[in-house]
Structures are given as structure tokens and as C-alpha cells.
Amino acid sequence: MKIENQVSLLPYNSFALPYLAKNLIRIHSEDDVLQVIKQKLHPLRILGGGSNILLTQDIDGFLLKNEIKGLDIVEEDEENVVVEVASGENWHSFVMWTLEQNFGGLENLSLIPGTAGAAPIQNIGAYGIEQKNLFYSLTAIHLERGEKKIFEKDECSFGYRDSILKI
Ligand SMILES: Cc1cc2nc3c(=O)[nH]c(=O)nc-3n(C[C@H](O)[C@H](O)[C@H](O)COP(=O)(O)OP(=O)(O)OC[C@H]3O[C@@H](n4cnc5c(N)ncnc54)[C@H](O)[C@@H]3O)c2cc1C
């Protein structure tokens with residue numbers, strides 16, 4: 001695990017604000033996250049695509065830059081398909097991938113910036129569709145305790161740009 005110091009966040013936020021992450025750790029897998037937690041680095045924060053943050057100062061502590069990738073088809077029958085997307089995938093690229101597979105449903109949510117992992121946090125939506133309409137479940141890791149938990153749809157309290165996951 002590499003800790004990069006004094007990293008400019010200019011390329012990593014939509015407002016292109018040039019604040020620094022004092023310590024930035026790029027995470028590429030669930031194991032990377034668990035390794036970081038084991039080292040008891042504090043405080044830990046997570047950054048996706050930086051499209052829903054407004055930086056006002058340098059970031060103290062340890063910033064996890066989510067680069068966890070992966071797309072998979074989990075279950076498929078004649079009417080439904082369950083796909084799995086890793087949290088660091090770009091959301092729009094994920095939507096385009098589903099359309100390339102001929103899986104309909106997410107098309108109204110194309111072009112929304114950010115990562116797949118951030119999508120359920122505020123239940124992203126556009127053109128009358130919200131991600132909750134197609135959401136199945138997510139796996140979360142508690143950044144202090146390292147516990148893993150699966151959240152089913154009815155546990156997420158999805159509302160308008162809101163969910164139980166939003167801090
Ligand atoms: C031009 C523009 C257009 C937009 N259009 C829409 C729109 O049409 N509809 C809509 O709903 N939103 C829209 N948004 C908002 C934005 O796209 C969404 O909120 C998106 O989900 C943010 O994703 P991100 O990866 O960039 O999150 P970030 O900005 O990186 O993070 C946002 C928050 O989520 C937390 N977070 C990020 N990833 C995780 C994770 N894996 N686990 C836990 N917490 C996490 C961060 O710590 C932070 O608190 C738009 C934004 C822009 C700039």
C-alpha cells in the first residue's frame with residue numbers, strides 16, 4: 001500500500017480546485033480497503049469522481065481514491081438480469097456497458113458524472129428515474145471497524161437524493 005503525500009486534487013474534483021490531499025491512497029480492491037483499516041490510519045475519507053464535493057481546504061488525514069474496477073453479470077433469465085459493478089467504476093461507462101449488453105433500464109441515468117459507488121449514496125436520478133428503481137443490493141465496508149455488510153434495497157431508505165448511507 002502506497003501513501004502519496006501532498007497530492008493536488010485539481011484533476012480529481014469537478015470544480016478543479018487545487019487543494020491538496022495530505023495523504024492519498026489509491027485503492028484497487030476490497031482487500032486494499034481492509035489493509036488500510038487494519039493500519040488504523042485516521043481519519044479516513046473516500047473520494048469517488050469528485051463531482052459532488054466542494055473543497056474548501058486541504059484534506060487532512062487519509063484520502064482513499066476509489067479505483068476499484070469490475071463489471072459482472074451475476075444472474076440472468078429471460079426477463080431480468082442482475083449485474084455487479086465495482087464501486088470505482090465510472091457510472092456513465094457502466095450505463096453504456098449495460099446498454100451494449102442490451103440490458104435496458106439505466107439509459108436515463110447516462111452522462112451523470114461520478115463513480116458507481118457514489119450513486120446510491122444520494123440515490124442519483126434524472127429524467128424521472130432514480131438509481132433505486134433498478135437497485136438490488138450493495139456491499140459496504142465500515143471504514144473504522146472493517147465490518148462488511150450487505151444492504152438490501154429496503155434497508156437503504158432511498159429518498160429524493162438521499163439514503164441511509166448519506167452522512
Ligand atoms: C455536471 C454535473 C451534473 C450532475 N448531474 C446529476 C444528475 O443529473 N443527477 C444526480 O443525481 N446527480 C448529478 N450530479 C451529482 C453527481 O454526479 C452525483 O452526486 C455522483 O453520484 C457523485 O459521484 P462521485 O463519485 O463524483 O462522488 P464524489 O463527489 O467523489 O463523492 C461525493 C460524496 O460521496 C462519498 N462517496 C463517494 N464514493 C463513495 C463510496 N464508494 N462509498 C461511500 N461514500 C462514497 C464521498 O466521500 C463524498 O462525501 C451532477 C454533478 C455534476 C458535476
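Student: In this predicted model, which residues of helix 2 (residues 91-100) are buried?
Tutor: The test is a count of neighbours: a residue is buried if 20 or more other C-beta atoms lie within 10 Å of its own. In helix 2, the residues that are buried are Trp 91, Phe 94, Val 95 and Thr 98.

Student: Within what arc do the buried residues of helix 2 fall, seen down its axis?
Tutor: An α-helix has 3.6 residues a turn, so residues three or four places apart point the same way. The buried residues of helix 2 line one face of the helix, because down the axis they fall within an arc of 100°.

Student: Which residue with a positive phi follows helix 2?
Tutor: The phi in question is near 70°. The residue that follows helix 2 with this value is Asn 102.

Student: What is the bridge partner of Thr 139 in strand 10?
Tutor: Strand 9 and strand 10 form a hairpin with six residues between them. In the turn, Gly 146 has a positive phi of about 75°. Across the pair, Thr 139 has as its bridge partner Ile 150.

Student: Which element gives the most residues to the side of domain 1 that touches domain 2?
Tutor: The domain assignment gives domain 1 (4-66) and domain 2 (71-155), and their C-alpha centres lie 22 Å apart. The contact takes twelve residues from domain 1 and twelve residues from domain 2. On the domain 1 side these divide into four nonpolar, six polar and two charged. With five residues, the element that gives the most to that side is helix 1 (residues 30-38).

Student: Which element gives the largest share of the shell around the ligand?
Tutor: Of the 25 residues around the ligand, Gly 48, Gly 49, Gly 114, Gly 117 and Ala 118 come nearest. Two or more residues of the shell come from each of strand 3 (44-47) and strand 7 (125-126). The largest share, three residues, comes from strand 3.

Student: How many residues of the shell around the ligand are charged?
Tutor: Domain 1 and domain 2 each supply at least three residues to the shell. By class, the shell has ten nonpolar residues and 13 polar ones, and the number of charged residues is two.

Technical notes
Residues numbered from 1 in each chain as written. Predicted model: local features only at pLDDT ≥ 70, side-chain atom pairs only at ≥ 80, totals over all residues. Near = placed C-beta within 6 Å. Helix = DSSP H or I, 4+ residues; strand = E, 2+ residues; numbered from the N terminus. Nonpolar A, V, L, I, M, F, W, Y, C, P; charged D, E, K, R; others polar. Domains from an automatic or database assignment. Contact = placed C-beta atoms within 7 Å. Buried ≥ 20, exposed ≤ 12 C-beta atoms within 10 Å, placed from the backbone. Arc of directions from axis to C-beta. Pairing = 2+ DSSP bridges.
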